[in-house]
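Let's walk through a protein model together, one step at a time. Keep the picture open beside you as you read.

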Amino acid sequence: MATYQEFIQQNEDRDGVRFSWNLWPSSRLEATRLVVPVSCLFTPLKERPDLPPVQYEPVLCSRANCKAVLNPLCQVDFRAKIWACNFCFQRNPFPPSYAGISEVNQPAELMPQFSTIEYIVQRGPTPPLIFLYVVDTCLEEEDLQALKESLQMSLSLLPPNALVGLITFGRMVQVHELSCEGIAKSYVFRGTKDLSSKQIQVGGDKGRPPQPENAGVFVFITRFLQPVHRVDMNLTDLLGELQRDPWPVPQGKRPLRSTGVALSVAVGLLEGTFPNTGARVMLFIGGPPTQGPGMVVGDELKTPIRSWHDIQKDNARHLKKATKYYEAMANRSAVNGHCIDIYACALDQTGLLEMKCLSNLTGGHIVMGDSFNTSLFKQTFQRVFSKDYNGDFRMAFGGVLEVKEMGIGGTSQWKVCGINPSTTLALYFEVVNQHNAPVPQGGRGVIQFVTQYQHSNTQRRIRVTTIARNWADAQSQIQHIESSFDQEASAVLMARLGVFRAESEEGPDVLRWLDRQLIRLCQKFGQFNKDDPTSFKLSESLSLYPQFMFHLRRSPFLQVFNNSPDESSYYRHHFVRQDLTQSLIMIQPILYSYSFHGPPEPVLLDSSSILPDRILLMDTFFQLVIYHGETIAQWRKAGYQEMAEYENFKQLLLAPLDDAQEILQTRFPMPRYIDTEHGGSQARFLLSKVNPSQTHNNLYAWGQVLRGAPILTDDVSLQVFMDHLKKLAVSSSA
Amino acid sequence: MSQQGYVAAPPYSQAQPGMGGYQGGFGTGLAQPLHGHYGGPPQAFTAPTTGKGLLLFISVVRMRQGLEQLQQVCTHQIVLLHFTSYRNCLASGPMQSPPLPASSVAQQPFQTPPPSAMGQPQMPPVLQSPHMSPHMSPQMSPPQSPPANMQMAGQPMSGPPMSGPPIAGPPMTGMGRPFPGPPAPGARGFQQPGPGVVGPPGYPQQAGMPGAFPGAPGGLAGPPQKKLDPDSIPSITQVIEDDQGKQGGTVYKTNVRGQVPPLVTTDFTVQDQGNASPRFIRCTTYSLPCTADLAKQCQVPLASIIKPFASLQKNETPLYVVNHGETGPIRCNRCKAYMCPYMQFIDGGRRYQCGFCNCVNEVPVFYFQHLDHMGQRVDFYERPELSLGSYEFVATLDYCKNNKPPNPPAYIFMIDVSYNNIKSGLVKLICDELKTLLENLPSEEGMESSAIKVGFVTYNKVLHFYNVKSALAQPQMMVVSDTAEMFVPLLDGFLNNVTCQLSHDPVPLLSSLLDQIPDMFADTNESETVFVPVIQAGVEAFKAAECSGKLFIFHSSMPTAEAPGKLKNRDDKKLVNTEKEKTLFQPQKGVYEQLSKDCVAQGCCVDLFLFPSQYMDIATMADVPSHTGGSVYKYNNFQVETDGEHFLRDLRKDVRKSIGFDAIMRVRTSTGFRATEFFGAIHMNNTTDVEMAAVDCDKAITVEFKHDDALSEETGALMQCALLYTTINGQRRLRIHNLSLNCSLQLSELFKSCETDSLINFFSKSACRAILNQPLKNVREILVNQTAHMLACYRKNCASPSAASQLILPDAMKVFPVYVNSLMKTAPLVGSTELSTDDRAHQRLAIMGMGVEDTQLLLYPRLTPLHNMDVSSEALPAPVRCSEERLTDSGMFLLENGHSMFLWLGQASPPDLIQSIFNLPSLAHLQGNMCALPELDNPLSIKVRSIINGLIEKRPNSMKLQIVRQKDKPEMLFRQFLVEDKGLHGGASYMDFLCYVHREIRQLLT
């Protein structure tokens, strides 16, 4: 049998699913004793170039409350043309179209390699995609210009039949009419007054119903949302003419920014015209909302925007109200299946903390940068419209994920308004069987993920993934269960739980909880003699887990020190939606070392890796840091790379750049690219991540030859952390 | 002139022992000194306390064609003379058709020849002969035949006894003539149409039966009465002509205290020598009574009509601007009066005593100057504020809002683009005009281009703002549908400097916008409009731009869309002539009231151009303009072809007017009297500060004064009007007008120094304000009362003793009755159901802002004969009196009153006249809707057109030329301006009124 490693990899490749445990405990009690819950990371729309969608409807279980989809794990009676649902055991006849079915003539969904299968369903007219730009005009001229260019460029990336709309805002909110000839026309709303969706209809569109055209094909036209191909020129001009918010900003004041009302108008407009149709509201902001509902900070510059400190002191005046406002809006949007992206580019905070729910609850992107005039924003934005191997957008809309489980619980549904191929959800399961009535041995638990969504080519699709795992008795088969542990997935899953808790709990409490879980896990699976830390040993399947936890504790997802509330929100937002590999990078950044001593090699994320004659490349997902060691930096300054005889040095300098470029090409959002050197101020990005094995505290005490760079920190190093962990794990009193 | 008395020739042949005809409400008897129910529905005069004596009834009725049927019944005059008992005579012959109170119908007494509303008394030119005084004003034509029976016999004397002996004045001269009493009872004259009168006025309905009067059967027939010569009663045209003859073309120097200026109609040049030009301030009298008692006794209102921005003649010096730098203008420490010629420098020039409050102030060091041997500062002639009546100060930041220098004002054009205006072609007309108009915005003297910024809004149910920032390639339209809480969507780009805009190339954005607006709404079917949000938007825009300015609103219909200030039709003709009639003039409360305040606070003046096709509640809609120094123009059933040019002329005039913004005016007076009442298109937050969002060259504020204390003959009375405002360039200035008046213990001085034109301006405004709170009947009654009181006071105190039957008028006020009579016949005061409520409200508001020239012209239109003028002469032909009598069947007359203009053509106009004016073979070929004369190359045509254009140019409003043919239906419109005749909608003829007033005077004197 293949190793679990291979099994896990294969499963991930095929189904986009990674479980924390690949053997499931048979009762609730057993499950809780495993510390790490039975859970999985699931990438619903994992790119599967090898998986052509089938052009028919899935076959559903006829039981009203089951409706599971026929899958390879079902028992099929080919003669009776009956299949048994493996969730509710209902016996279902095949539909007439399956009359020709036999053991040698099976439909795709019965073949084991199609445990994940995608159906294209034809249901009525397919509405076009909708992109509604909501643009802040309180920007610096340079920023606005850059943003305008990006937006103009994006028009060429949209499918011609997609509908676009434009809302701009500053002190007022303007909804631009796109169809008119001659004078550009827009409807203006006061930035301080929340309008109901109905008012927006009346005020804006006079409730004009969609006009039926061409034999039953509905072409939805409003004055504000127009097919790109029709208004391309017009909109390009309009964007080009876009002015900075014309209202003067007195000294000592922030510009008045009506983000709240602008979003409300956007959400209301889509709600009124295209409910339950894939739509993307793209919000571009260059500062915090300063007036009206959803304001995050007042316009007085002397009152700074809330910090973590303020929040902890319960000193953030607008926080609760604004958060509530945006949550309500996010929910409205989610109900209608519209997703909201936030592109926030400013040096100061923009209120992402309050607004994050807009994207979190609707599956939108959050992109944070310093300026719209950076490649970070420009390329990230471009990447939103990136196309897959079929030339289709890597985005999907109006997704509904349904999970059907066997022997565990009923069904559940989640709505994910915007999904892209890397969107990864964490699902936590509960074993409901009581300890005294465990799931019978040898059985298999089956889970079916049904994802319905609107493909970017407007097709409605259903992707069905059905997976099965064995049940195991935790007492007798603890070894098997242990070896079925997926420590990478578990680390991510636990991290997501931690982040989830961090949203509502105090930081230290979360860390304590995380430590507690780690200690319990070590106690459960570690091999040791009581009260003897040195005897502590973990099996291979768990060996890396504590290290992940160590870095997780130091990560910006749980630590708010040195991060603004917006940054924390931003990091957390991305952490909870990236796939496993990316999530691991976020927890434990990857460090590569380049030197004349050999090919580039991954090195420990440790201060000892920082050496004068090395170039380091660190990828933290959000940042790409290229760090030139002291010697290298001096050489570079001396300009050796320019000299023909030092061609090899030039090559060395280029190597990490090329690698970084590769990462930059694919990463979404674009990471911040940092090129620094020994002693450079930006080096802090590296220094704050590495394990502080050498600090000013222990540097001279050891009296040994210095290797690496000391870090000025009071943080504990991994070694200390492990020592404590061992001590606590073996402690009988714990 | 030595004589101050003017004794009118009484129009009747006989002295009459009482009055008939006018006393609709005399029912309470003579014990009641006031004339109750003056002008009310005809009523029997029921309770004379003294039944003795005879009344002479003169009934001069010229039967005319019924108005509708144009049927001439009778053209000759019938003169009836009835003697009847006093009791009997009081019955008023109803002049209106059917719906009369039954009782009064029953009381129809004795009108043998039925009266017609159009009828006017034609007195035979053979009345009693007055003793002509050598000092008689020349315009009095000598009476033709003195009748014998001139003595008032047995007249009831129940009025209050004369209080005190007559004040001795200069010897009374003039001609005393027995005043014979009024014409036939109520046959024509003062009754206004009663409520519910619908029939054409002036229909003969009843043959009057003398003696059929209930309670007093058996009227007495008197001897036939002869006709009174209309030429014998004081004539305005004569007065004007005389004054023009005497003072026309002269230089009027303002160096004399209490000097009465020439009439407003006279063409003269003013030289400022220490008092403000009469163009800026005119007073009802230039000699104030010294005590409050005297003032009360004479009842002459003490008032000034201030037109702070009055246009000066070309040969008059514009106001000097004084700049005292950072210290600002020098002011009295106590009363805050500004430095002016009335400050007395003392103490070698180190101190000065304020002429207003007598406070002694230190002269600031920088301002010190030595005094000459006369005690006059050496720099007297170098400093306008020491030697002139009017000048300006540059205001310092202390005088600015928020201590910030103001921005130049802005004009916002707000065009109603609802269906009506699009369909009528108005929107296109406006847009086309604006393109050229905007190049001619007013600018400060010496400035190359105007600093005024302009903005554009169109609206129907929602508002559209336009961004024409020059950085744009195309104008942008921004729609605001949230009319409940108005706001302006943009600032930068909305208000722009026009001169930059128009020269913007390649395609001027502004022209492009104005080209596109009519097209954009070409297929609109929106007919509902909002109104209050439109003004609010303007206020918000000014607020945002931190400037003041003016809104030009072009509006077509009552705002019925759901928004603040939504109006309902509340027009109700049933209210006319009832207690509730005033509600028709009262604006709706609530949001409009607040809006006016907001506008004034921001310096937002609102000019309203209305294009109604039906009632639109002007009383309410024009409320804001009438409090913000704005104007209201109204074009009923607007059609581009006929009214377009008229409207555009108004618009051009309005845009180019010289104007000041965000103004606040304070009138300071020397001790003893003070300003108490203010009338005008103004807003008052307290009792002293007159706030005006804007004030232009045609707006006048009438200020009434009351005594606080006794005034001294020696020091006289001083007033200083200080107007703080923002110029069209955005400079803050103070405009100061000073005026000194005489004070006298002699009432004769006062009457000598009266100014009739100013008086009538005051009366017009106070009456127009009074009708908001009182029934019209009362207002008219008060007018007549006060007129009678003033004249009676003169008679009693200043005139030499003469027969009670003589009507004696002070020379300065001799034409006052004709104005008062005309005032009572104006639309707001006449109380006729035939006039549209909106027209009445409109005129009422217009009067409130008028200056002396305007009220004079309005109340006595110019009727100029054009058929017999000297074509080669430069001069305008002399106007004739406003009476049908003066028209001739073969004549051509031009009539204008500043608001309407008619070219009247007699039936028998000679064909060559028609040919040379209209290029038509005969009058019959004339089209009805002609509104301009064809440009023909003959002397007559050229002359006539130049006269017309000259007048249109001269008047504040452009006028639409209406051409009427004698006896055509539209002639009715024309006739209502013949103010000496009986009013078309009610109201007495001049002659009748004079008789009535005379009777009142006698009542008071007895």
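Across the interface of chain A and chain B, 11 residue pairs are in polar contact, with both residues at pLDDT 80 or more. A polar contact here is a pair of N or O atoms within 3.5 Å; within protein, one must be able to donate a hydrogen and the other to accept it, and residues adjacent in sequence count only if both atoms are side-chain atoms. On chain A, the strands β10 (172-177) and β11 (184-190) each supply at least two residues of the side that touches chain B. The most comes from β11(A), with seven residues. That side of chain A divides into nine nonpolar, five polar and four charged residues. In this grouping, Ala, Val, Leu, Ile, Met, Phe, Trp, Tyr, Cys and Pro count as nonpolar, Asp, Glu, Lys and Arg as charged, and the others, Gly among them, as polar.

Before we go on, a word about what you are looking at. This is a predicted model, in which local features need pLDDT of at least 70 and side-chain atom pairs count only at pLDDT 80 or more, while totals for chains, interfaces and linings use all residues. Residues are numbered from 1 along each chain as its sequence is written, chains are lettered from A and ligands numbered from 1 in the order in which they are written, and side-chain values use heavy atoms, with hydrogens and water left out. Helices (H or I, at least four residues) and strands (E, at least two) are DSSP runs, numbered from the N terminus.

Now follow β11(A) across to the other chain. Five bridges join β11(A) to strand β18 (residues 476-480) of chain B, and the two run parallel; strands pair if DSSP finds at least two bridges between them. Within β18(B), B:V479 is the bridge partner of A:Y187.

How many residues does each chain bring to the contact? Chain A gives 18 residues and chain B gives 27 residues, where contact means heavy atoms within 4.5 Å. Together the chains bury about 2,000 Å², 58% of it on carbon and sulfur atoms. Buried area is the accessible area (1.4 Å probe) that two parts lose on being put together, summed over both. A:I183, A:R190 and A:E241 supply 31% of the area that chain A buries against chain B, more than any other three residues.

A:R190 also meets B:E485 in a salt bridge through their side chains (3.9 Å, N to O). A salt bridge is a side-chain nitrogen of Lys or Arg within 4 Å of a carboxyl oxygen of Asp or Glu. Inside chain A, the side chains of A:E503 and A:K356 form another (3.2 Å, N to O). This pair links distant parts of the chain, 147 residues apart: A:E503 is in helix α12 (residues 487-504) and A:K356 in helix α9 (residues 352-360).

Finally, look at two spots in the backbone of chain A. Most residues other than glycine have a negative phi, and most peptide bonds are trans. A:D314 has a positive phi of about 60 degrees although it is not a glycine, and A:D314 lies in the loop between α7 (308-312) and α8 (319-335). The peptide bond from A:F668 to A:P669 is cis, with omega near -5 degrees.
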